[in-house]
Every structure is written in structure tokens, then in C-alpha cells.
Amino acid sequence: MSDIWTHYPGIIAASKSPVVVLEIGCGRAEDTGRMVEWIIGTGKPYVFYVFEPEAKNIPVIVSKVGSRVNVVASAVGDRNGRVPFIGSGSWPLSGSVKQPKEHLKSYPWIPWEAPVDVDMVRLDDFAVVHALPHVDFIWCDVQGAEDLVIEGGQETLKKTRYFYTEYYNTEEYEGQLPLDEIHRCLPGRWDREAVWADNVLLKNRDFF
């Protein structure tokens with residue numbers, strides 16, 4: 001059965017040097033190590049940033065992959081500064097800068113926490129500060145805040161080859177966009193390289 005791992009090796013193999021990957025919403029680095037190992041296997045130099053706003057996940061990420069990636073303890077969105085983040089307690093994989101909505105019904109057992117302020121950065125500003133020449137692959141898992149990532153990353157996305165994101169066509173979080181709207185928000189022309197039940201891989205036709 002096809003999944004992102006059917007496509008990812010080819011994306012990395014065709015990447016220019018250095019390979020640039022951004023994982024936005026790293027969780028507990030469940031997939032990070034695998035992504036990094038594919039890059040290391042090519043022998044190409046690389047730049048790999050992971051972004052994660054859930055404080056309790058940062059030590060886990062660092063212990064797993066901290067020596068191989070750059071860990072940024074921040075959300076990614078439409079502004080720079082501090083924003084409220086709603087954590088998901090002992091299941092620290094569903095927290096969001098957006099209020100859960102249908103998610104409350106889908107996963108009633110998740111122990112939601114009171115909002116706490118976390119850092120947020122605009123992708124465009126981050127790319128300028130860190131002089132990213134291009135981006136080969138973005139892994140975006142931001143629990144309903146896809147629109148905020150895209151709004152703050154319009155220039156960066158123009159020079160991004162592939163954008164892989166979670167999506168729902170139900171409003172799991174307040175204001176969450178369905179797949180068609182996510183696609184329309186991306187700058188330029190993007191093809192749906194592959195679509196799965198709740199994830200999509202989009203290819204930038206204008207940056208090849």
C-alpha cells in the first residue's frame with residue numbers, strides 16, 4: 001500500500017545540495033529519525049529543522065534525534081511572538097494553537113489542558129534569518145492550523161518542492177480548512193502527487 005514512504009526516498013534522491021527539510025509539528029519524533037536516515041544515506045549535506053510547541057515533547061525529540069537535526073521549540077504560524085497553545089495532556093500529540101471542536105467528539109478520552117503561551121514564528125521570517133536557499137520537503141502536522149502555516153510562509157512555499165500535510169474535511173479544530181481550501185491557499189500551481197485518507201502530498205509545479 002502506498003504511503004509517504006513510497007515517495008519520500010525519491011524526493012530526497014532528486015534533491016539539490018544541500019537537502020533542506022522542515023518538519024512542522026514534530027510530536028515525539030515518531031518519523032523524524034527515518035527521514036534523517038534517508039538523507040544521510042545519500043551522502044548529501046543537509047539542513048533539517050523540526051518545530052514543536054509542546055514543551056513536554058522537546059526532551060524526547062532531543063534524546064531521539066537532537067544530534068542530527070535542529071530543534072526549534074516553537075509553533076509555526078501567521079505571526080511572530082507568543083500565542084496560546086492548548087495541550088493534550090498525557091497524549092501530547094494533539095495539542096494545537098486552535099481550539100478543538102469535532103476532535104472533542106472523535107477522541108473524547110484526550111485530557112485537554114488549559115491554554116499556555118508558546119512561541120510562534122512565521123515561516124517566511126525563519127527562512128530569511130536562517131538563509132534557506134530552498135526547501136525540498138515540508139512535513140506539516142499542526143492539528144488544524146495548516147492555514148496559519150501557509151499564510152505565514154507564502155514566499156517560502158514558492159521555493160518549496162513538496163508539501164506533505166495532514167488534513168480533515170471535518171472541522172476537527174475551529175477554523176480548520178478542508179483539503180480543497182488548503183490546496184487553494186498555496187501560492188502558485190501545486191499538483192496532488194498522492195492523497196490518502198487524512199494526508200496529502202502536494203508537488204510545486206513552479207519550482208522544478
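Helices (H or I, at least four residues) and strands (E, at least two) are DSSP runs, numbered from the N terminus. This is a predicted model, in which local features need pLDDT of at least 70, side-chain atom pairs count only at pLDDT 80 or more, and totals for chains, interfaces and linings use all residues. Residues are numbered from 1 along each chain as its sequence is written, and side-chain values use heavy atoms, with hydrogens and water left out.

**View 1. Overall fold of the protein.** Eight helices and ten strands make up its secondary structure. The C-alpha trace spans about 45 × 35 × 35 Å along its principal axes.

**View 2. Burial in the protein.** Of the 208 residues, 51% are buried, where buried means under 20% relative accessible area, exposed over 50%, and partly exposed in between (1.4 Å probe, protein chains only).

**View 3. Strand β6 and the position of R122.** R122 lies in strand β6, residues 116-122. With a relative accessibility of 23%, R122 counts as partly exposed.

**View 4. Surroundings of R122.** Apart from neighbours within four places in sequence, R122 contacts G77, D78, R79, N80, E151 and G152; contact means heavy atoms within 4.5 Å. N80 is 42 residues from R122 along the chain, and their C-alpha atoms are separated by 5.8 Å.
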